[in-house]
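Subject: Structure handover

Hello,

Here is the structure I promised to pass on. Please open it first, then read the notes below.

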Amino acid sequence: MDEIRDVVLEYVINEYMEDQDEELTYDTALISGGFVDSFSMVSLKRFLETRYKISLPDNRATPEAFDSVNKITELVMEFLAAKE
Amino acid sequence: MAYSARTRAIFENQINTLKDGGILKIERYIHSVQDAEIEVEFPPGAPLKKVINICANNYLGLSSHPAVVKAAHEGLDARGYGMSSVRFICGTQDIHKELEEKVSKFLGTEDTILFPSCMDANAGVFEAILTEEDVMISDRLVHASLIDGIRLCKAMTDSFKHSDMKHLEEKLILHADKRIKLVITDGVYSMDGDTAKLDEMVALCEKYDAMILVDESHASGFIGKTGRGTHEKYGVMGKIDLITTTFGKGLGGASGGCVSGRKELVEMCRQKARPYLFSNTIAPPVVAGVISVLDTLSKTTERRDKLEKNANWWRQGLLDAGFILQPGDTPIVPVMLFDAKLSQDFAIDLFNEGVYAIGFFFPVVPQGKARIRTQISAAHEMHHLEKALAAFIKVGKKYDILGKSKKEIMEMYGA
Amino acid sequence: MSKKFLHELSQQLETIEFSGMYKKERILNSSQSSKISLISGQEVLNFCANNYLGFSNHPEVVKAAQETMNHWGFGLSSVRFICGTQDIHKKLEAKVSDFLGTEDTILFSSCFDANGGVFEPLLMEDSAIISDMLNHASIIDGVRLCKAQRFRYKHSNMEELEEMLKESKNLKYRLIVTDGVFSMDGDIANLKSICDLADKYDALVMVDDSHATGYIGKTGRGTPEHCGVTGRVDIITTTFGKALGGASGGCVSGKKEVIDILRQRSRPYLFSNTVPPAIVGGVLKVLDILTESSELVDKVKSNADYFRSEMIKAGFDIVPGNTAIVSVMFYEEPLAIKVASRLLEEGIYVIGFCYPVVPRGKARIRVQLSAAHSRDDVQKALLAFTKVGKEMNII
């Protein structure tokens, strides 16, 4: 769990932060807080699918479900569990 | 109808919230033509004040040019006031086809389709061309109207960091499996005044078999040696698949816009773009005015040369005075003040000194990057620019920011 | 640039052409009027423009546009909030409010943009838009850009509208949206019932009066006047691109707070130039003329009534209605197209409308009357219709 969280956090920082001095926590509102533009959610989805070999249906990969590192982690965990 | 006291109160509250937050927008009423100097009523009811205007998109100074007005007069006499019809019924005149041809020739493209505005061009172009099998990869700072168009289209969306070519390349690789990859960028970014690196972008598009769309609204008529736009500046004329641009800025400033590019793409827009199918095209007097603008610009580069000279002088003058500018080489020169309140106070002081410019802050620009955006025009004479620069220096001294670093300014004014 | 894609598009375009849905433009080399000239050299009587009052090339309107340009220039090169608002724009907004009997008005560069920008700032996902199924495409686009829940009722079906008002009663606001005049059938919305239902169920009402403003109602104020509900419609959108001169531009007119919110938040308003000075000057003149006299309103009405009744007498199948849009039904698509092209040979320019603009098997020719038509023009059209109708054994 912790490992997934940190992988996601690192990805989000590299992908979206212009200024690296911006503080980002596991609970920062990513999309509603204006850090992640909703146009590029698809990259995040593809990254998760490739990295964790899961398939996230579109109706689950919503702006709400992607709105914080913690929420994303929960979603990934759920699909990893379903796989096993 | 049920616009009850309850309903009214809800909207009233929303407006009051904006007012209290200091973000209620208030319009300045102009009692003159658009030009280097304008007469402004602000706030509403106040006596008229004559000010030097450095916040219009009147880059070539054509908004009230007598030759353009005369051409529009003649257009009215020859082709009437309005069409009262959409293009496909009985709303297409010979002058509309003439303008489409002239735009294609000017931009170096295969074909052009007119829209009532560039906002409409951007709103209609994506949906007309792309499907679910495609992806649109846009720069994260593209104009709001492109974002609306992207939202209306079913193709997948993705974005890349502003002008970050490495990031764009990663995205092109990521979406290699898509039928069409369309890269979307502004030619000139209106808030920073920087230009898209179109040479590198075209090279990447060629490498990864992608298409490119450039919004040239803040470039057409004056960027590049002969004013054709950003694609001329970067030596990629003929290699941009889609250009959208406006006649509402440099090219006369009245209204109207277009999509110009590959002939099949333009034809798809004619068949499918909703703002084109369901709205009148540009009215005859405006068409006639724009035709005369393009005729003049095709003959001589005098106006864009003057604009370039003005902009260079202005940029250098501000730098010499000790202001921090956003780097660039366009007529959009942002003077960085970083703090939102400072940008507002600064603009008010400038206005009192007879210079009209606007302070921009979050969310229009990123947090901590508030600025005064200045826009230079070929309508400006040296005495206008000298007076405006003197006003900037006077106000800059008042706030003691000349020669100061970002950190020093933030320490003085940042929260 | 992908050659493969361009090839694919060419094929798509061929398919469109093959299926008869390829849109071709007819080019005029004259101004818009009752009589127009085509680049083929042919002069024809025009019965397919939205030039209901004949203002498109009215000498006073042209003159007003020229004079306005002399004083206010060609363009503004700026959006409203920066330096793109002149006093004439405020004057036009006030005049439109006066004319329509509303509290305030906001200009847009077109009514397409007005409809595109009106919903999103006003309604969130906790509200609903209840829309007539035959509403104009621009309303559909505006609704697509808005997060509110969507309901659609069968054209002018008040029972279904009431059902939806009941169904959505738990939502914060409900906005009923309808065209004032439906452009394909030329019928008028039942605004009296709609306003009554809105009162009963605490809903708001919006009317797109593009095909009505200027000539429907006793003094041309539009469908609210015609239906006797002036002041009961909360939001009116309309265009200056049809009866009111036909150049371009549109507006949203209504309650003051609604207009204030749109000024702050409506995207097409914030991100696009407003109506250019020449056009503003023309519309101001049009509104002056209409406020002074109802002569042109009366004339288009009498032309339309005459044409409609004579066509019925001649045996044509006419969609019932009482506007200047007279739809002549032919049902079969090839027939409507053929009749239209025969009429063009006879010097009468009309358009045959087929699927998907109208439902399949409901092909028609839409005739639009204008105050610019003389009685003689209308008679010529009647003669031509009768001649072609007999020729083809329709009447």
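Across the interface of chain C and chain B, 57 residue pairs are in polar contact, both residues being at pLDDT 80 or more. (A polar contact is a pair of N or O atoms within 3.5 Å; within protein, one must be able to donate a hydrogen and the other to accept it, and residues adjacent in sequence count only if both atoms are side-chain atoms.) On the side of chain C that touches chain B, the residues divide into 48 nonpolar, 34 polar and 26 charged. (Ala, Val, Leu, Ile, Met, Phe, Trp, Tyr, Cys and Pro count as nonpolar; Asp, Glu, Lys and Arg as charged; the others, Gly among them, as polar.)

A word on the basis. This is a predicted model, where local features need pLDDT of at least 70, side-chain atom pairs count only at pLDDT 80 or more, and totals for chains, interfaces and linings use all residues. Residues are numbered from 1 along each chain as its sequence is written, chains are lettered from A and ligands numbered from 1 in the order in which they are written, and side-chain values use heavy atoms, with hydrogens and water left out.

**Chains C and B**

Here 108 residues of chain C are in contact with 101 residues of chain B (contact means heavy atoms within 4.5 Å). About 8900 Å² is buried between the two chains, and carbon and sulfur atoms give 57% of it. (Buried area is the accessible area, with a 1.4 Å probe, that two parts lose on being put together, summed over both.) The interface has 10 salt bridges (a side-chain nitrogen of Lys or Arg within 4 Å of a carboxyl oxygen of Asp or Glu). R151(B) and E120(C) form a salt bridge, at 2.9 Å from N to O.

**Chains B and A**

This contact takes 17 residues from chain B and 12 from chain A. It buries about 1100 Å², 46% of it on carbon and sulfur atoms. There are 3 salt bridges across it. R140(B) pairs with E15(A) in a salt bridge, with the closest N and O atoms 3.0 Å apart. On the chain B side, α5 (144-152), β7 (156-160) and α6 (165-174) each give two or more residues. (Helices, H or I with at least four residues, and strands, E with at least two, are DSSP runs numbered from the N terminus.) β7(B) gives the most, with 4 residues.

Chains A and C do not touch; their nearest C-alpha atoms are 14 Å apart.

**Inside chain B**

Helices α4 (118-129) and α9 (263-272) of chain B pack at about 100°, with axes 9 Å apart. (Axes are lines fitted to C-alpha atoms, for helices over the stretch in contact, and angles run from 0 to 180 degrees between N-to-C directions.) That makes α4(B) roughly perpendicular to α9(B) (65 to 115 degrees). V125(B), A128(B) and I129(B) in α4(B) meet L265(B), M268(B), C269(B) and K272(B) in α9(B).

D329(B) and K233(B) form a salt bridge, their closest N and O atoms 2.6 Å apart. D329(B) lies in the loop between α12 (302-321) and β12 (332-338), and K233(B) in helix α8 (230-233), so the pair ties together parts 96 residues apart in sequence.

Two backbone details remain. A cis peptide bond joins F42(B) and P43(B), with omega about -10°. S84(B) has a positive phi of about 50°, although it is not a glycine.

Best wishes

Methods. Angles under 35 degrees count as roughly parallel, over 145 as roughly antiparallel, 65 to 115 as roughly perpendicular and the rest as oblique.
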